[in-house]
Amino acid sequence: GKKTKAAIVAKPSPKKTRFSFNRKAVAANVQTQKAPVAAKSSPKKARFSFKRGGNNNNTSKNTNTSTTAKPTLKKQSSAAERAALWDSKITERNAAQKSNPFSAAYDGSAVVDKNHPDYGKPVEGSKSHERMKAGQEWVEKEITRLIEIIRKEGKKSTKGHEITFGDLFVAYEQVSNSLVGILMRAKKRKVIHFDHDDLFLQGRDDHVIIIALH
């Protein structure tokens, strides 16, 4: 009889624990169900505010997409086109080497005319041609500066203005260190005259008279 009573008394305790456990589980389920609802509400507000922004947001969005889409519209050359471009360059170079007497591929087909105005000049539009033009401009400026110094430091004569090489060397030394080369180029252009065929040397040729012609 005592055993049965003990068994009857022990039965309610598991029920209470089950009831309390279920109660916590229900509370947890309620909280988990509320969380998604709150999360869904925030995007709705964000979407609603985005729509209320008007056409300004849409226009800015469209402008951004248009600016980013420009590079994709650029046409890109294919591998075949690039290969054809390089083939044409190689063909042009081979043809130029055949007509170049200084090349090992020269076939003698080109006739060299030393009296041609373009003889000894680089191809127009090339880098060498640009460097030649820059060099010619520099020489012209130096010759103009040389004539100005001779007329300023020299003495006037019947032929023009004359000065000795020694005095000119001292006056021109502060301007440039290429006096001898400029003198030879100026004489070739017939803007100055001096009776001297060799290169000038300071000390030895100080007495040579240089005349800036009229």
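Axes here are lines fitted to C-alpha atoms, for helices over the stretch in contact, and angles run from 0 to 180 degrees between N-to-C directions. Helices (H or I, at least four residues) and strands (E, at least two) are DSSP runs, numbered from the N terminus. The model is predicted, so that local features need pLDDT of at least 70 and side-chain atom pairs count only at pLDDT 80 or more, while totals for chains, interfaces and linings use all residues. Residues are numbered from 1 along each chain as its sequence is written, and side-chain values use heavy atoms, with hydrogens and water left out.

**Exercise 1. Describe how H5 packs against H6.**

Step 1: the axes of H5 (residues 127-153) and H6 (residues 165-172) come within 10 Å and cross at roughly 120°.

Step 2: the crossing is right-handed, where a crossing is left-handed if the near helix is turned anticlockwise from the far one by less than a right angle, and right-handed if clockwise.

Step 3: taking contact to mean heavy atoms within 4.5 Å, Glu142, Leu146, Ile149, Ile150 and Glu153 of H5 meet Leu168, Ala171 and Tyr172 of H6. By class, this contact of H5 with H6 has six nonpolar, no polar and two charged residues, where Ala, Val, Leu, Ile, Met, Phe, Trp, Tyr, Cys and Pro count as nonpolar, Asp, Glu, Lys and Arg as charged, and the others, Gly among them, as polar.

**Exercise 2. Classify the packing of H7 against H5, and then against H6.**

Step 1: H5 and H7 (residues 179-188) pack at about 90°, with their axes 10 Å apart, which makes H5 roughly perpendicular to H7. Angles under 35 degrees count as roughly parallel, over 145 as roughly antiparallel, 65 to 115 as roughly perpendicular and the rest as oblique.

Step 2: H5 contributes Trp138, Val139, Glu142, Ile143 and Leu146 to the contact, and H7 contributes Leu179, Ile182, Leu183, Arg185 and Ala186. The residues of the contact of H5 with H7 comprise eight nonpolar, no polar and two charged.

Step 3: H6 and H7 pack at about 120°, with axes 11 Å apart, and H6 is therefore oblique to H7. Their crossing is right-handed.

Step 4: Phe165, Leu168, Phe169 and Tyr172 in H6 meet Leu179, Ile182 and Leu183 in H7, and the residues of this contact of H6 with H7 divide into seven nonpolar, no polar and no charged.

**Exercise 3. Is tyrosine 172 buried or exposed, and which residues does tyrosine 172 touch?**

Step 1: tyrosine 172, found in H6, counts as buried because its relative accessibility is 0%. Buried means under 20% relative accessible area, exposed over 50%, partly exposed in between (1.4 Å probe, protein chains only).

Step 2: not counting residues up to four places away in sequence, tyrosine 172 touches Glu142, Leu146, Ile149, Leu179 and Ile182.

Step 3: the side chain of tyrosine 172 makes a polar contact with the side chain of glutamate 142 at 2.7 Å. A polar contact is a pair of N or O atoms within 3.5 Å; within protein, one must be able to donate a hydrogen and the other to accept it, and residues adjacent in sequence count only if both atoms are side-chain atoms.

**Exercise 4. Where does aspartate 205 lie, and what does its side chain reach?**

Step 1: aspartate 205 lies in the loop between strand E3 (192-193) and strand E4 (209-213), and counts as buried at 4% relative accessibility.

Step 2: the side chain of aspartate 205 reaches the backbone nitrogen of leucine 201 at 2.8 Å.
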